[in-house]
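Please look over the sequence and the model shown here before reading the report that follows.

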Amino acid sequence: MRTIAAISTPQGSGGIAVIRISGDEAFCVTDRIFSFQGAKRLFEVPPNTVVFGRIADENNKEIDQVLVSVFKAPHSFTGEDVVEISCHGGVLVAKQVLKTVLKAGAVLAECGEFSKRAFLNGKMDLAQAEGIIDLIGAVSQKGADKAVFQMEGRLSKEILSIRETLLTLAAHLEAAADFPEEDIPELSYDVVRGTLKTVLENLNKLLKTSDYGKVLREGLPVAVIGKPNVGKSSILNYLAGQERAIVTDIAGTTRDVIEEFVQLDGIPVKLMDTAGIHQTDDIVEKIGVERSKTAANDASLILAVFDVSNPVDNKDKEILELIKERPHIIVLNKSDLSRNNDLEGTEVSAKSGTGMEKLIEQIVEFASKDTNENENVITNERHINCLIRCKESIERAVLSAEQNMPTDMLAIDITEAIGDLGEITGQTVSQEIVDKVFHNFCLGK
Ligand SMILES: Nc1nc2c(ncn2[C@@H]2O[C@H](COP(=O)(O)OP(=O)(O)OP(=O)(O)O)[C@@H](O)[C@H]2O)c(=O)[nH]1
Ligand SMILES: [Mg+2]
């Protein structure tokens, strides 16, 4: 395979930049441009060591003083010989080092090519590789935690264990069908059904986590609605930890939807502050009110805000009517003032912060949907599709088992399900899918 190279650190200036080289020729390519004291050639250097030296171009003009890390196959990220040149982190210098490396015989890596090689060389499976990318792209602490689970292979382990159960079952069914003279004890339909139902439960359990996975990927959309002046913007500002929206005592201050990404207890939340909902002839406000209603409709969760210091009026009743069919939390704001209504909900004061912890807890509980801290969470659309297909195959097999169909019929569906699970980890996956997965990776990864 060709020896590849790319800048693995982001564009821009920083303390250092890293140029990664991987392939059979990684050491000789580097030797052509790198000089250092001690051993003469890089393959003589012990693996996993760092060497200080200088990089020069073909005219022996020094480009930079660098540190070179040496990893020998198969004990490297890609499983091949790998050299990582840490140079000074200027935009120009990193590019110049790369240019010299390419001139010395390496070719520019494609997006995700290092990770693809790691996958092809068995250093990690497909789901693990995708975990790395999720970790790099994580926008929240909980998202990062789940990506680490995936990168470590915890998701793969769970998938492989389900696959193993199906493999054993399929092998037994097929052996019984193919070699009837061998006297292989037949599995009763009850046993087959029982095993398939357990598999189905496990698949459903995994698929159920994908809602939370979507939250971790995209953030939970939460709309803050209520009549004017109840303190919606004040609540947004409190949760955002900054004065994001204008707050005044004039009713109708907010006239548009204001979005703010926040992390609540490590979970990403897209908060939407909205215009106060009421009847108005003001044309701008009218549009704002329509947008509030749309935001409420599109959100996964509504924070319906009421002012405890005022009696419930028709405008509040309109809000209660609007949210009754949708997931919501009733937020009773201004709890620092004396109480003038008997609404039930979560009492908070955006002014003093009282009750906000409880509100955050409720939002987080809604977002995480009973997912246990230690559970795998399905965050990847590709994995969801594979699991859905697998589930459908198993459902067909269960139906066949219930109708006492010939066992080789069942085996066909089970084999399909095995393939679907193998696609997640990459054991049974087409080249086309592999290329597609890695193409989404960044350059140098
Ligand atoms: N005492 C008290 N006043 C509050 C509290 N929260 C907000 N306020 C005041 O209530 C008024 C309205 O607050 P906003 O946050 O602008 O209310 P809003 O619901 O966004 O109002 P509109 O954008 O006009 O719909 C301001 O004067 C705030 O200072 C609170 O918890 N306690
Ligand atoms: Mg407002």
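In which crossing, left-handed or right-handed, does α4 pass α5?

## The model and a pair of helices

This is a predicted model, in which local features need pLDDT of at least 70 and side-chain atom pairs count only at pLDDT 80 or more, while totals for chains, interfaces and linings use all residues. Residues are numbered from 1 along each chain as its sequence is written, and chains are lettered from A and ligands numbered from 1 in the order in which they are written.

The crossing of α4 and α5 is left-handed, a term for a near helix turned anticlockwise from the far one by less than a right angle. Helix α4 covers residues 126-137 and helix α5 residues 141-152, and the two pack at an angle of about 155 degrees with axes 7 Å apart. Since angles over 145 degrees count as roughly antiparallel, α4 is roughly antiparallel to α5. Contact (C-beta atoms, placed from the backbone, within 7 Å) involves residues including I132 and L135 of α4 and V148 and M151 of α5.

Helices here are DSSP runs of H or I with at least four residues, strands are runs of E with at least two, and both are numbered from the N terminus. Axes are lines fitted to C-alpha atoms, for helices over the stretch in contact, and angles run from 0 to 180 degrees between N-to-C directions.

Strand β1, residues 4-7, runs parallel to β7 and is joined to it by 2 bridges, with A5 standing opposite L108 of β7.

## The sheet of six strands

Another open sheet, also with mixed pairing, has 6 strands in the order β9-β10-β8-β11-β12-β13. Because β9 and β13 (346-347) each have a single partner strand, one side of each is left without a neighbour in the sheet. Strands β9 (residues 258-264) and β10 (residues 267-273) run antiparallel and are joined by 7 bridges, and in their hairpin, with 2 residues between the strands, D265 takes a positive phi near 55 degrees.

## The surroundings of ligand 1

Around ligand 1 there are 24 residues, the closest being G231, S233, S234, T254 and G276, where a residue is near if its C-beta atom, placed from the backbone, lies within 6 Å. Helix α9 (residues 232-240) supplies the largest share of this shell, 3 residues.

How values were computed
Pairing = 2+ DSSP bridges. Parallel < 35°, antiparallel > 145°, perpendicular 65-115°, else oblique. Contact = placed C-beta atoms within 7 Å.
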